[in-house]
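Visitor: I am new to this structure and would like to learn how to read it. Could we go through it one feature at a time?

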Amino acid sequence: MLVSATEMLQKAKAGHYAVGQFNINNLEWTKAILATAQELNSPVILGVSEGAGKYMGGYHVVVGMVNGLIQDQNITVPVALHLDHGSYDHCYKCIEAGFSSVMFDGSHYPIDENVEKTKELVAAAHAKGISIEAEVGSIGGEEDGVIGAGECADPNECKAIADLGVDFLAAGIGNIHGKYPANWKGLSFETLAAVQEKTGDLPLVLHGGTGIPADMIKKAIDLGVAKINVNTECQLSFAAATRKYIEAGKDQEGKGFDPRKLLAPGAEAIKATVKEKMELFGSVNKA
């Protein structure tokens, strides 16, 4: 059974660890992530971008697939299904489709409009027991065509959004989606500390978890980050393992590749990546 992410992230912040959000793109990814979470007894958040939701056939399909896997694979750890970087309209679609958590990314709006739209969505989500994440200060890089320069959030704007009753908050602190460039200046812990001071016990979110050094990850957790998003690293590990399998020429005597065998190495690679991250984040045996 899907749960909201509120309780798991409150426990994570109080316990000084972080829950991983791992984005899903198909059945193999989802099954691999859930199996790893169960093996490590870790809570987990499955992230779905709008593009991935469309690719998988729609939000109702995603909800059905995840609920089916939880039931048939005997997954007993807490699992939240979360819309990642959702628009205003798609947050409502996911609330109606049965997601247990949504993120409204209003960071590209003026702060007054971000506040107005976030306030409406908080009421809609909480009416159904769904957790909601908001964002202040755009995250750098590109995701589903949305490009951000890696802004640092204004702590006072973060407080304005936090006071609306959101369950967790993504604040830009120089982090980016995708691989980090060689000239990246690192995370702004000064900004993170200021946001933490303004928002108190509210769990904070670090997007762009791929490529951030372990010492920075741990320091971010110490400063209130309770949820860390990982996507690119899973994509890279899946692609590398699949490519290696194809290059090995393991088809069926010229008949082509069995898709179940073709995708298996990629799924195993994702398991290894997720395990590494859960151990780094400290969420093992926290279910």
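Visitor: Is Ala37 buried or exposed?

Guide: A word first on the source: this is a predicted model. A residue counts as buried when its relative accessible area is under 20%. Ala37 has a relative accessible area of 0%, so Ala37 is buried.

Visitor: Where is Ala37 found, and which residues is Ala37 in contact with, leaving aside its neighbours within four places in sequence?

Guide: Ala37 belongs to helix H2, which covers residues 27–40. With neighbours within four places in sequence set aside, Ala37 is in contact with Ser42, Val44, Val77 and Met278. Ala37 and Gly209 are 172 residues apart along the chain, and their C-alpha atoms are separated by 18 Å.

Visitor: What can be said in the same way about Thr191?

Guide: Start with the element, then the accessibility, then the contacts. Thr191 sits in helix H8, residues 189–199. Its relative accessible area is 12%, so Thr191 is buried. Beyond the neighbours within four places in sequence, Thr191 is in contact with Cys152, Ala153, Gly172 and Ile173.

Visitor: How do I read the packing of two helices? At what angle do H5 and H6 pack?

Guide: Look at the angle and the distance between the axes, then at the residues that make the contact. Helix H5 (residues 88–97) and helix H6 (residues 111–126) pack at an angle of about 0 degrees, and their axes are 11 Å apart. Angles under 35 degrees count as roughly parallel, so H5 is roughly parallel to H6. On the H5 side the contact is made by Tyr88, Cys91, Tyr92 and Ile95. H6 brings Lys117, Glu120, Leu121, Ala124 and Ala125. Of the residues in this contact, 7 are nonpolar, 2 are charged and none is polar.

Visitor: What does the backbone angle phi tell me?

Guide: Most residues other than glycine have a negative phi. Asn74 has a phi near 55 degrees, a positive value in a residue other than glycine. His85 is not a glycine either, and its phi is positive, about 50 degrees.

Visitor: Where are Asn74 and His85 found, and is each buried or exposed?

Guide: Asn74 is in the loop between helix H4 (59–72) and strand E3 (79–86). Its relative accessible area is 56%, so Asn74 is exposed. His85 lies in strand E3. At 16% relative accessibility, His85 counts as buried.

Visitor: How far apart are Ser107 and His85 in space?

Guide: From C-alpha to C-alpha, Ser107 and His85 are 9.7 Å apart, while in sequence they are 22 residues apart. Ser107 is in the loop between strand E4 (101–104) and H6. Ser107 counts as buried, at 17% relative accessibility.

Visitor: How do I read the protein as a whole?

Guide: Begin with the elements: the protein has 11 helices and 10 strands. The radius of gyration is 18 Å, close to the 19 Å that the globule rule gives for 287 residues, so the protein is as compact as a globular protein of that length. Along the principal axes, the C-alpha atoms fill a box of roughly 65 × 45 × 35 Å. Of the 287 residues, 53% count as buried.

Visitor: What share of the contacts joins residues at least 24 apart?

Guide: Among contacts between residues at least 6 apart in sequence, the share is 72%.

How values were computed
Residues numbered from 1 in each chain as written. Predicted model: local features only at pLDDT ≥ 70, side-chain atom pairs only at ≥ 80, totals over all residues. Heavy atoms only, no water. Axes fitted to C-alpha atoms, helices over the stretch in contact; angles between N-to-C directions. Parallel < 35°, antiparallel > 145°, perpendicular 65-115°, else oblique. Contact = heavy atoms within 4.5 Å. Nonpolar A, V, L, I, M, F, W, Y, C, P; charged D, E, K, R; others polar. Rg over C-alpha atoms; globule rule 2.2 N^0.38 Å. Buried < 20%, exposed > 50% of the residue type's maximum accessible area, 1.4 Å probe, protein only.
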